[in-house]
Amino acid sequence: NASRGVEQIQEYLEEYLKRNRAVLDFLVTRKEIDSSRIGAYGISFGATVNFLWAAEDPRLRAYIFALPGGNLAEIFMFSRDPLMRRYRDAVKKKSGLEGKALLRALKKIFSNDPLQAAARVPKENTCLHLAVFDRVIPFRYGLALRAALGKPETVFIPLGHYSSILSVPFLKRGALRFFRQRLLK
């Protein structure tokens, strides 16, 4: 619902983070959970949330971020996804802002961005899955996040955002290997 404006995305992001923390708070109380071996896997918006979560919660020990990006304001402005375009058009109409003015406003609203959080996410425990032909989260924003992280282990998928689903069997094996290496040492 774009009628509430772009602030709704930041609120949703913060709410999602709060839910993730609550789930982890519960899990670490369970005796069958080894709290020293917890990882996170997020896809698309879930990758963004998990990235921000990983930057602030040392209980997470390994991370896979699939189809992430850094610079949320620019992703919102330049995504070619039809749903994102409709949302962006509604925000422009509601705010009356366009171009650089809208981008400046977005940068103020998105106070928590993966690019700024990257220094707090250990690259040795991070793996990225980036779709080369991603139109939803343009590839350059995934590469920007990769650079900010110091070029962690990365799987480049020669597909788009949604078509990357076809690579799940391949990615699943790699993800299991990655988590075993990082969490079962």
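This briefing covers the nonpolar cores, the salt bridges and a charged surface patch of the structure. The model is a predicted one. A search of the whole structure finds nine salt bridges, and the largest nonpolar core holds 37 residues.

**Nonpolar cores**
- Within the largest core, the residues that touch the most other members are Phe51, Leu60, Phe65, Leu106, Phe110, Val121 and Leu149.
- Among the elements that give two or more residues to this core are helix H1 (7–27), strand E2 (62–66), helix H5 (99–109) and helix H7 (139–149), while the largest share, seven residues, comes from H2.
- A second, separate core of 10 residues includes Ala62, Ile64, Ile157 and Phe178.

**Salt bridges**
- Arg59 pairs with Asp25, with the closest N and O atoms 2.9 Å apart; because Arg59 lies in the loop between H2 and E2 and Asp25 in helix H1, the pair ties together parts that are 34 residues apart in sequence.
- Asp25, Asp57 and Arg59 are linked in a network of salt bridges, in which Arg59 is partly exposed at 26% relative accessible area and Asp25 is partly exposed at 38%.
- Lys107 forms a salt bridge with Glu74, their closest N and O atoms being 3.8 Å apart, and the pair ties helix H5 to helix H3 across 33 residues of sequence.
- Arg177 and Glu153 form a salt bridge whose closest N and O atoms are 2.8 Å apart, Arg177 lying in helix H8 and Glu153 in strand E4.

**Positive surface patch**
- Arg80, Arg85, Arg135 and Arg140 form a positive surface patch.
- Arg80 is found in the loop between helix H3 (72–78) and helix H4 (82–95), and is partly exposed, with a relative accessible area of 44%.

Terms used
Residues numbered from 1 in each chain as written. Predicted model: local features only at pLDDT ≥ 70, side-chain atom pairs only at ≥ 80, totals over all residues. Heavy atoms only, no water. Patch = residues over 30% accessible without salt bridge, like charges linked within 9 Å, V, L, I, M, F, W, Y side chains within 5 Å. Areas by Shrake-Rupley, 256 points an atom, 1.4 Å probe, with all protein chains shown as cover. Salt bridge = Lys/Arg side-chain N within 4 Å of Asp/Glu carboxyl O. Lys, Arg positive; Asp, Glu negative; His and termini not counted. Charge placed at Lys NZ, Arg CZ, Asp CG, Glu CD. Helix = DSSP H or I, 4+ residues; strand = E, 2+ residues; numbered from the N terminus. Buried < 20%, exposed > 50% of the residue type's maximum accessible area, 1.4 Å probe, protein only. Core = buried A, V, L, I, M, F, W, Y, C linked by side-chain atoms within 4.5 Å.
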